[in-house]
Amino acid sequence: MEHQVTAADLATICATRPLLDVRAPGEFIQGHIPGALSFPLFNDEERAAVGTAYKQQSPQRAFELGLDLVGPKMAGFVREARILAPRGELAVHCWRGGQRSGSMAWLLRQSGLRVATLEGGYKAYRTAVLDSFTTSALSLRIVGGRTGSGKTKILHALRQLGEQIIDLEGLAHHKGSAFGFIGESAQPTVEQFENDLHAAMQTLDPSRRIWVENESRSIGRVFIPSGFWQQMTTAPLLSVSIPQADRLRNLLADYVGTDKADLERAFMKIRSKLGGQHLKAALEALRGDDFAAAAEIALRYYDKTYQHGLDTNAASHFQQLEFSHGDPLEIARQLIQAEQQP
């Protein structure tokens, strides 16, 4: 008898067995279930050929072509699956939970493996992901502060102290500003970012507070999902203010030693806001290795942007916390205390 699981069961299933995604590699790259392994029945070209045969000839011809393409691979599929599932248990899925995952599950069961399939496939999973952003009521707390305040470090210090966090910039592989791509790996697709955010939410207790960093709706090329974003915009905002010297030190620690051409490219992105004179000064400072002067120019621009954001913020509660230092762990302790006060 076939063993099917729902999208809601995935966390439990994936904790005990590998999940094989039998869609084509291009589909996997576009978006996949976090933790799933790419195990394609067809490569991208083969998938396109089968699809063309289905549309232009007939389902029967597409089926026969699929058999021709898969037949020589069957023994290899079994050998690889046994390596990936040494305990003899695994799960497979395709796009809709149809022929591709059904065929792979049949083959692997014939080899003696115990195989579960995902009911409704990746499509059902995506429906659950998108629904979660509007149906999950989260007790969010927003860590704000001007550029260079060390918000990400504060966020991780909060986790160190036992608090729950979601690191949106970590999931996005981007620090959020025009300079945010520097030192980061390639960003995920918007679809994959949503999947990864959903997975992060699944690990947290929604009845407890969850800290996130103050962000704009877009983080580089990805976007915070609408439902999650709406909760962020109305959540209590705790804005951290640290001395200018500490902000500069944070920026220099993040960017000195990175590719100077990337820094110049980032300044060019905000040239219309900086103005020609400030842009010229920033680029000259970079070329003279005066990174502190360049950082100060950038801070003047971002301080104006941050103040505008505060002026238009719809947070349910706003609190400004002033510090004479930039120690993220001590700031995190003070944020927790501020939250515990009536």
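This is a predicted model: local features need pLDDT of at least 70, side-chain atom pairs count only at pLDDT 80 or more; totals for chains, interfaces and linings use all residues.
Select G144 and S239: the bridge partner of G144 in strand β11 is S239. Residues are numbered from 1 along each chain as its sequence is written, and side-chain values use heavy atoms, with hydrogens and water left out.

**The sheet**

Next, show β6 (residues 139-145) and β11 (residues 237-241), which pair in the parallel sense over four bridges. Two strands pair if DSSP finds at least two bridges between them.

Now select β8. It pairs with β6 in the parallel sense over five bridges, and S139 stands opposite R209 of β8. With β7, the parallel pairing of β8 runs over three bridges; here the bridge partner of I166 is V212 in β8. Five of the five residues of β8 are buried, meaning under 20% relative accessible area, against over 50% for exposed and partly exposed in between (1.4 Å probe, protein chains only). In a regular strand the side chains alternate between the two faces of the sheet. In β8, R209, W211 and E213 are buried on one side, and I210 and V212 on the other.

Then go to α10 (residues 190-202). This helix has 13 residues and reaches 19 Å from its first C-alpha to its last, close to the 18 Å expected at 1.5 Å a residue; the expected span is 1.5 Å times one less than the number of residues. Colour its buried residues, among them F193, L197 and M201. The buried residues of α10 pack against α2 (25-30), α7 (121-135), β7 (164-166), α9 (168-172), β10 (222-223) and α11 (226-234), where contact means heavy atoms within 4.5 Å.

**The aromatic cluster**

Select F179, Y255, F267, Y301 and Y302, which form one aromatic cluster. Rings of Phe, Tyr and Trp (its six-membered ring) pair if their centres lie within 6.5 Å; planes under 30 degrees apart count as stacked, over 60 as edge-to-face and the rest as tilted. The structure holds seven aromatic pairs. F179 and Y255 form a tilted one, 6.1 Å centre to centre with 55 degrees between the planes. F179 is in the loop between α9 and α10, and Y255, 76 residues apart from it, is in helix α12 (residues 244-255). Both F179 and Y255 are buried. F179 also forms an edge-to-face pair with Y302, at 6.4 Å centre to centre and 65 degrees between the planes.

**A last stop: R87**

Select R87, in the loop between α5 (74-84) and β4 (89-93). R87 counts as exposed because its relative accessibility is 59%. Leaving aside neighbours within four places in sequence, R87 is in contact with T16 and R114.

Conventions: Helices (H or I, at least four residues) and strands (E, at least two) are DSSP runs, numbered from the N terminus.
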